[in-house]
Amino acid sequence: MFQFFSYFFCLLSIIFLFLSRPTFPASILPDKVTVITNNSTHNATWHDFTRFIDAEMGSHVIGMSELKKYFTRFGYLPMTISDSNFTDNFDTQFKSAVTLYQTKLGLPVTGKLDSDTITTIMSPRCGVSDTAHKIHVTKHYSYFYGKPRWSRRMSPMTLTYAFSSTDMIDYISLSDIKLVLKRAFSRWSSVIPVNFKETDKYESADIRIGFYHGDHGDGEAFDGALGVLAHSFSPENGRFHLDAAETWAVDFETVKSRAAIDLESVATHEIGHILGLGHTSVKEAVMYPSLSPRTKKVDLKIDDVEGVQALYGSNPNFKFSSLLESENSSNDAIALASRSSKWTISLLVLVIVILSFFEYSTF
Ligand SMILES: [Zn+2]
Ligand SMILES: [Zn+2]
C-alpha cells in the first residue's frame with residue numbers, strides 16, 4: 001500500500017517538476033550566470049576584478065591600475081594619461097570616474113566599488129565607448145558626437161547590408177546567421193522609415209558584417225571569449241564587427257556552454273549603433289552596453305524607439321500604443337510566470353514532504 005503511494009507521489013512530483021520548468025521567464029536566468037570564473041575557454045581579464053569589491057576613496061589595492069585602464073577604454077578616464085602612469089590608488093579622479101560609470105549604467109550612485117558595480121563591470125559588453133557621445137538630458141538614450149545619421153534621397157530610405165566572404169564563423173550555418181540578422185534589422189525598420197536589404201556586393205554595401213579575431217586593423221582589437229563581444233561604427237561608416245572568439249548561439253537549447261552569447265541580441269544592439277544611437281542607462285533597453293551570457297534581449301523598448309525615432313522619424317505603420325501594451329503585458333507575463341513557478345515549487349515541496357513521510361513510515 002505504502003509502496004503504491006510512494007510510486008504515485010514520485011510520479012506526481014516528476015510531473016510537477018516537468019510542469020514548473022517552462023514557467024520560468026528566461027529573463028530570470030542571466031543573473032545566475034553573469035559572472036563566469038570557471039570556464040576554461042574564458043580568457044578575458046575582467047574576471048579577477050572581484051578583488052576590488054568594497055574599494056573606496058583612499059583604498060590602495062594592488063592591480064587597481066588595470067581597472068583604471070578599463071575605465072579609460074570605455075571613456076570614463078581621459079585618454080591623455082598613459083597606461084604606465086596609473087597608480088593602484090583610489091583617488092579623487094577615479095572616484096569621479098566610478099560615479100559617472102554608475103550614473104551611465106543606471107546603478108545606485110555610491111562612488112564606491114560596491115558589488116553591483118563590480119558585477120556590471122565584469123559583464124560581457126559592447127566595445128563602443130559609453131561617453132564618446134552625449135547623453136540626453138531628460139531621456140536615457142544617447143547619440144554619437146554630432147548626432148550623425150544616414151541620409152538618402154529615396155523614401156523610405158533603403159540601406160544595404162552584406163556579409164564578409166572570408167571573416168565568418170563556421171559552426172553556425174550561413175543561412176541561420178542571415179535569418180538572425182534579418183530579424184534584427186526588421187525590428188528597427190518596423191519603428192522607423194528605413195528598410196534594410198541584403199546584397200552580395202560586400203565592398204559597396206552600406207553595412208558590412210564580419211566576425212574577427214583579436215587585432216583586425218581598426219584599432220579596436222577584440223579580447224577573446226567574453227569581455228568585449230562586438231563593436232560597430234557610427235553613421236555613415238557601416239562597419240559591423242563581431243568577436244569571432246565568442247561562443248555565438250542562435251538557440252540556447254542546442255548550445256550548452258555557460259559562456260554562450262545570443263547573436264540576435266548583440267546584432268540588434270549593434271544595428272542601433274549603425275543607425276546612430278549610443279548607449280543608454282536603461283537596463284532593459286536593447287542599447288544598454290552589457291549583456292550577460294545565455295540572455296536574449298531583442299525587443300526594442302520605449303527608450304530605444306524614442307531615441308531612433310528622434311533621428312529618423314516614425315514608420316507610418318508603427319503605433320506607440322502597441323509597444324506600451326506589449327511592455328505592460330510582458331511585465332505582467334513575467335510576474336505571472338514568477339507567481340505560477342512559485343506555486344508549482346510550493347506544490348512540489350509539499351509532495352516531497354508527503355512522499356518522505358510515507359518513505360519513513362514504511363520502515
Ligand atoms: Zn554598444
Ligand atoms: Zn572592428
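Colleague: How do H6 and H7 sit relative to each other, and at what angle do they pack?

Modeller: This is a predicted model, to be clear. In it, helix H6 (residues 174–189) and helix H7 (residues 263–275) pack at about 45°, with their axes 9 Å apart. H6 and H7 are therefore oblique to each other.

Colleague: And which hand is the crossing of H6 and H7, left or right?

Modeller: Right-handed, H6 passing H7.

Colleague: Which residues meet there?

Modeller: From H6 you have Val 180, Leu 181, Arg 183, Ala 184, Phe 185, Arg 187 and Trp 188. On the H7 side they meet Leu 263, Glu 264, Ala 267, Thr 268, Ile 271 and Leu 275. By class, that contact has nine nonpolar, one polar and three charged residues.

Colleague: OK, on to the core. Which residues of the largest nonpolar core touch the most other members?

Modeller: That core has 50 residues, and the ones touching the most other members are Tyr 161, Leu 181, Phe 185, Leu 229, Val 266, Ala 267 and Ile 271. Leu 181 and Phe 185 are in the H6 side of the helix contact too, as Ala 267 and Ile 271 are in the H7 side.

Colleague: What is Leu 229 in contact with, leaving aside its neighbours within four places in sequence?

Modeller: Pro 124, Arg 125, Cys 126, Asp 243, Glu 246, Ile 261, Val 266 and Leu 291.

Colleague: What about phi at Leu 226?

Modeller: Positive, about 60°, although Leu 226 is not a glycine. You'll find Leu 226 in the loop between strand E3 (207–212) and E4.

Colleague: Is Leu 226 buried or exposed?

Modeller: Buried, because Leu 226 has 26 C-beta neighbours inside 10 Å, and the cut-off for buried is 20 or more. Arg 294 also has a positive phi, near 55°, and sits in the loop between H7 and H8. With 23 C-beta neighbours inside 10 Å, Arg 294 counts as buried.

Colleague: And just after H8, which residue has a positive phi?

Modeller: Gly 313, at about 85°.

Key:
Residues numbered from 1 in each chain as written. Chains lettered and ligands numbered in written order. Predicted model: local features only at pLDDT ≥ 70, side-chain atom pairs only at ≥ 80, totals over all residues. Axes fitted to C-alpha atoms, helices over the stretch in contact; angles between N-to-C directions. Helix = DSSP H or I, 4+ residues; strand = E, 2+ residues; numbered from the N terminus. Parallel < 35°, antiparallel > 145°, perpendicular 65-115°, else oblique. Left-handed = near helix turned anticlockwise from the far one by under 90°. Contact = placed C-beta atoms within 7 Å. Nonpolar A, V, L, I, M, F, W, Y, C, P; charged D, E, K, R; others polar. Core = buried A, V, L, I, M, F, W, Y, C linked by C-beta atoms within 7 Å. Buried ≥ 20, exposed ≤ 12 C-beta atoms within 10 Å, placed from the backbone.
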